[in-house]
Amino acid sequence: MREAPFACTLCGRCCMGFGRSVKVQRQTGPQEFRCTVTVTGEAFTAKVEDRYLPAFRRPSVQWTKTAACPFLRAEKGTYVCTVHASRPSFCRNFACCRMRVLAHGEVVGELKGRLDLRTDDPVLKALWEREVVPRAGGEGDDWHADADRTLADAGYTAVWYREE
């Protein structure tokens, strides 16, 4: 089974909803903000990193996506967290997917939750529903190796992400 640390693609989708949870209480310095995570009660100090100051000075993504994190900014076709080094554990522990499926080195599917495979590849979707889901069984991840073989036999590669 192929495992890797989670690799963020900087798509920004996760942070597009984090503004509901990450709340700025007050500014405490030129680049520092006292914040809370509403779902956990965690208090933290967000520090805008020097390398992200130019991006932070631009309009917030919240102007067009009101649920976005207040520290998210668009940057060269991607999105960046301007307080990445000081982000709360709520953000540090989040991974948008458990596994990605590759075909010819390109991502063609992402596993969200336990069995929800998101893909536009109709062959992969049918294979997943027909072969993998019925054999997933009960609790635990013992079925990963079986899913890997099934996907590999059809020409796909599964990359499972381990928690860091």
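**Figure 1. H104 in the loop between β7 and β8.** In this predicted model, the loop that links β7 to β8 contains H104. Although H104 is not a glycine, its phi is positive, at about 55°. The residue is exposed, with a relative accessible area of 82%.

**Figure 2. The hairpin of β5 and β6.** Strand β5 (residues 72-75) and strand β6 (residues 78-81) run antiparallel and are joined by four bridges. Within this pairing, A74 has Y79 of β6 as its bridge partner. Two residues lie between the strands of the hairpin, and K76 takes a positive phi near 55° there. K76, too, is not a glycine. Its place is in the loop between β5 and β6, and with a relative accessibility of 78% K76 counts as exposed.

**Figure 3. The surroundings of T82.** T82 is located in the loop that runs from β6 to α2 (89-92). Its relative accessible area is 0%, and the residue is therefore buried, the limit for that class being under 20%. The side chain of T82 reaches the backbone oxygen of F71 at 2.8 Å. Leaving aside residues up to four places away in sequence, T82 touches K47, V48, E49, Y52, F56, F71 and R73.

Figure 4. Helix α3 spans residues 122-132, and its buried residues are L124, L127, W128 and V132. These four lie on the same side of α3 because they cover an arc of only 100° around the axis. An α-helix has 3.6 residues a turn, so residues three or four places apart point the same way. The face of α3 turned away from the buried side carries the exposed residues P122 and R130.

**Figure 5. The cover and the start of helix α3.** At the start of α3, D121 places a side-chain oxygen within 2.9 Å of the backbone nitrogen of V123.

**Figure 6. The whole chain and the confidence of the prediction.** The chain holds four helices and 10 strands. Read from the N terminus, the order of its elements is β-β-β-β-α-β-β-α-β-β-β-α-α-β. The C-alpha trace spans about 55 × 35 × 25 Å along its principal axes. Of the 164 residues, 41% count as buried. The chain exposes about 9,700 Å², of which carbon and sulfur atoms supply 51%. Among contacts between residues at least 6 apart in sequence, 48% join residues at least 24 apart. The average pLDDT of the chain is 87, and 91% of the residues score at least 70. Confidence is highest in strand β4 (residues 43-47), at a mean of 97, and lowest in strand β1 (residues 3-5), at 63. Where pLDDT is low, the predicted coordinates should not be read in detail.

Notes
Residues are numbered from 1 along each chain as its sequence is written. This is a predicted model: local features need pLDDT of at least 70, side-chain atom pairs count only at pLDDT 80 or more; totals for chains, interfaces and linings use all residues. Side-chain values use heavy atoms; hydrogens and water are left out. pLDDT is the predictor's confidence in each residue, from 0 to 100. Two strands pair if DSSP finds at least two bridges between them. Buried means under 20% relative accessible area, exposed over 50%, partly exposed in between (1.4 Å probe, protein chains only). The arc is that of the directions from the helix axis to the C-beta atoms. A polar contact is a pair of N or O atoms within 3.5 Å; within protein, one must be able to donate a hydrogen and the other to accept it, and residues adjacent in sequence count only if both atoms are side-chain atoms. Contact means heavy atoms within 4.5 Å. Accessible areas come from the Shrake-Rupley method with a 1.4 Å probe; for residues, only the protein chains shown count as cover.
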